[in-house]
Amino acid sequence: MARLVVVSNRVSAPKSGTRAGGLEVAVMASLKHNPGIWFGWSGRVSVKTLETRTIESDRISFVLTDLPKEAYEEYYYGFANRVLWPILHYRLDLAEFSRQDLSGYTKVNEHFAEELHKILRPDDVVWVHDYHFLLLAKALRERGHQNRIGFFLHTPFPPVEIIAGLPHHERIISALCHYDLVGFQTEIDAANFARYVESECQYPGNRKDGYNTGERVVQIGDFPVGIETESFAKMARRAIKSSFVSGVLASLSGRAMIIGVDRLDYSKGIEHRIAAFERFLEHHPDWRNNVTYLQISPKSRSAIPEYMDMERNVSTIVGRLNGTYGEASWTPVRYVNKAHTRTALAGLYRGSRAALVTPLRDGMNLVAKEYIAAQDPEDPGVLILSRFAGAAMECKPALLVNPYDSEAVAAAIHRALSMPFEERRARYEALYKIIAANDIQDWPGRFLKALTGSPTLAASITKP
Ligand code: G6P
């Protein structure tokens, strides 16, 4: 039987010490119905021998490979996260390109291809995740693999006018055409890539039927990632009663809570959001001492200068706001860098009157969807959502905002906190219906169908 071979930088393998974050739920859903392998980085770097080991667990083989120390730094801290990440999030101004980093990135893609080459069978279906591996299909093709290989990008894909600012984009971005299917979170991202293929690669074809590279027809699709809606709702119902969540709610002394949960990343718009909360307190003195904003932001990629700068900046503005508006008995912004479990977050979402999900740019943003799933239908909270998150394409009944407009976000906070029950319920019901209709359990099937002609690998694979 054909196997599904999933590839990502981080792998949530038992006892591996690395977590795949937002990608984890999606990958796990795909491996649940298809026997296979999850291949990725072991979490270890080495200057001597590189090991690749396998952990068998729950019908999944986790194959984990070490990376050479120097190449890892150039690949992960350098090219992937100081060049590709900002550019994919429309921030050409933050990109720090170096040829050395591109060479480390290429080496790591080659190393992954070499290790995969040792285990791949001709009928395996390969599914590669995210911007760390733009060059992987090319490297596999060069080793003779004609397997069906799909790629899914979890981040946004910007218009050609921005992506063309990436040095060597002709080589790096067009390498995606060695995949059989390139999938995106939204139709906008897919259309941006299609326009890139048309104008920069000049392959004949179109968005619907794919583009002919001479070697294959590369298909482009949009596959918005969802969540396990029902089980998340169930988790929230239980979690709100946990001693942790009850303790947090009790500590508010009856004040309303607004929640924000994001990795500490400049794409999340945390600084803009705090400024908006400050505007809100400035314009609505009646809400001072009556609302607490909890921002949970685990640190991320802290060795990168742009991340260090933002960590410092967020701490400064939170301190300033609390100093200006706080009282001995009230801290307006509770700012926490500690990571919380999904269960704890589910309970906190349910206990919050509003959520601020206001990234400046985001591939999807699952916090938005989880917040909706977690609400109590008898007293639902309000989602304030950036129009620049992929989730906004689906979640139209949320309060959609421009995250750069702090006055507008401040007004949305006021509207959310004063919204009558009937309107809150109507918005919640409409949103719940939307996220329930796009459950993550159906997501792998949609991608695999586009890649292989069949939603599961158990059925025979037709090669289009
Ligand atoms: C985003 C990316 C993932 C990445 C995650 C955490 O969601 O799309 O590929 O794993 O951020 O970032 P990190 O650099 O810690 O893996």
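Pro332 counts as buried because 24 other C-beta atoms lie within 10 Å; a residue is buried if 20 or more other C-beta atoms lie within 10 Å of its own, exposed if 12 or fewer, and partly exposed in between, with C-beta atoms placed from the backbone. The structure is a predicted model, in which local features need pLDDT of at least 70, side-chain atom pairs count only at pLDDT 80 or more, and totals for chains, interfaces and linings use all residues. Residues are numbered from 1 along each chain as its sequence is written. Pro332 is placed in the loop between α11 (305-325) and β13; helices (H or I, at least four residues) and strands (E, at least two) are DSSP runs, numbered from the N terminus. Apart from neighbours within four places in sequence, the contacts of Pro332 are Leu281, Thr292, Tyr293, Leu321, Asn322, Tyr325 and Gly326, where contact requires C-beta atoms, placed from the backbone, to lie within 7 Å. For Tyr293, the separation from Pro332 is 39 residues in sequence and 6.1 Å in space, C-alpha to C-alpha.

Strand β13 belongs to an open sheet of six strands, in the order β13-β12-β11-β14-β15-β16 and with parallel pairing; two strands pair if DSSP finds at least two bridges between them. Because β13 (333-336) and β16 (399-401) each have a single partner strand, they form the edges, and one side of each is left without a neighbour in the sheet. From one strand to the next, the twist averages 20°; axes are lines fitted to C-alpha atoms, for helices over the stretch in contact, and angles run from 0 to 180 degrees between N-to-C directions.

Within this sheet, β14 (residues 354-357) pairs with β15 (residues 382-386) in the parallel sense over four bridges. Val357 has Leu385 of β15 as its bridge partner, and Ala355 has Leu383 of β15. The pairing of β11 with β14 is also parallel, over two bridges, and Ile259 has Ala355 of β14 as its bridge partner. From β14 the chain crosses through helix α13 (residues 366-374) to β15 in a right-handed β-α-β crossover; right-handed means that, with the strands pointing away from the viewer, the path from the first strand over the helix to the second runs clockwise.

Helix α12 (residues 342-350) has Leu345, Ala346, Gly347, Leu348, Tyr349 and Arg350 buried. The elements covering these residues include α8 (229-239), α9, β11, β14 and α13. In helix α14 (residues 406-418), Ser406 is buried, since it has 20 C-beta neighbours inside 10 Å. Beyond neighbours within four places in sequence, Ser406 is in contact with His272, Ala275, Ala276 and Arg279. Glu278 is 128 residues from Ser406 in sequence and 9.0 Å away in space, C-alpha to C-alpha.

A second open sheet has ten strands in the order β3-β4-β2-β1-β5-β6-β7-β10-β9-β8, with mixed pairing. Its edge strands, β3 and β8 (205-206), each pair on one side only. Strands β6 (residues 149-152) and β7 (residues 181-184) run parallel and are joined by three bridges, with Phe151 having Val182 of β7 as its bridge partner. Helix α3 (residues 99-119) lies across β1 (4-8), β2 (36-46), β3 and β4, at about 140° to β4. Helix α7 (residues 187-201) lies across β7, β9 (210-212) and β10 (217-222), at about 155° to β10.

Two loop residues other than glycine have positive phi. Arg59, in the loop between β3 (52-57) and β4 (60-68), has phi near 65°. Arg59 is exposed, with 10 other C-beta atoms within 10 Å. Ser253, in the loop between α9 (243-251) and β11 (256-261), has phi of about 50°. Ser253 also counts as exposed, with 10 C-beta neighbours inside 10 Å.

Ten residues surround the ligand, and the closest are Arg10, Gly21, Gly22, Asp130 and His154; a residue is near a molecule if its C-beta atom, placed from the backbone, lies within 6 Å of it. The shell divides into two nonpolar, five polar and three charged residues, with Ala, Val, Leu, Ile, Met, Phe, Trp, Tyr, Cys and Pro counted as nonpolar, Asp, Glu, Lys and Arg as charged, and the others, Gly among them, as polar.

How values were computed
Contact = placed C-beta atoms within 7 Å.
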